[in-house]
Amino acid sequence: MVAMFATLLRRDRERWGLRVARAAWLAGVSVSQYRELEAGERLPDFDTCQRISELYGWPQSYEGTDVMSRSGTPVRHAVHLGTLRAMRRKGRS
C-alpha cells in the first residue's frame, strides 16, 4: 500500500504541475515529510491523508483486498477515512 500511495502522490503532484515545496505547503506537512511520503518511506496520518485526498481530488475511502479470511481467501473491504479517524480517537485501531 505504501508504494501505491507514493506512486499516486507523485503522479498527481506532477499532473497538477506542483513543485514538492508547494505540494507540501498545501498538504500541511514539511518538505522533508512530503519527500518521505513520495519516496514510500512513510504513510501519512489520517489528517494528512485527508488533506492530500482533498488536494488531489481523491476519494475519501480506501478499498482493497489485503484482508485475508480464515480460509486464506482475500476479503474485499472498504473503509471510510472518517471512520478510521473516529476509531483511532477511541483507541479501537
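**Contacts, burial and helix packing**

Leaving aside neighbours within four places in sequence, Trp58 is in contact (heavy atoms within 4.5 Å) with Phe5, Leu8, Leu9, Asp12, Ile52 and Ser53. This is a predicted model, in which local features need pLDDT of at least 70, side-chain atom pairs count only at pLDDT 80 or more, and totals for chains, interfaces and linings use all residues. Residues are numbered from 1 along each chain as its sequence is written, and side-chain values use heavy atoms, with hydrogens and water left out.

Q: Why is Ser53 called buried?
A: Buried means under 20% relative accessible area (exposed is over 50%, partly exposed in between; 1.4 Å probe, protein chains only). Ser53 has a relative accessible area of 2%, and is therefore buried. Ser53 is found in helix H4 (residues 46-56).

Q: What makes H2 roughly perpendicular to H3?
A: The axes of helix H2 (residues 20-27) and helix H3 (residues 31-39) cross at roughly 100 degrees and come within 9 Å. Angles of 65 to 115 degrees count as roughly perpendicular, under 35 as roughly parallel, over 145 as roughly antiparallel and the rest as oblique; H2 is therefore roughly perpendicular to H3.

Q: Which residues make the contact of H2 with H3?
A: H2 contributes Val20, Ala21, Ala23, Ala24 and Ala27, while H3 contributes Val31, Tyr34, Arg35 and Glu38.

Notes
Axes are lines fitted to C-alpha atoms, for helices over the stretch in contact, and angles run from 0 to 180 degrees between N-to-C directions. Helices (H or I, at least four residues) and strands (E, at least two) are DSSP runs, numbered from the N terminus.
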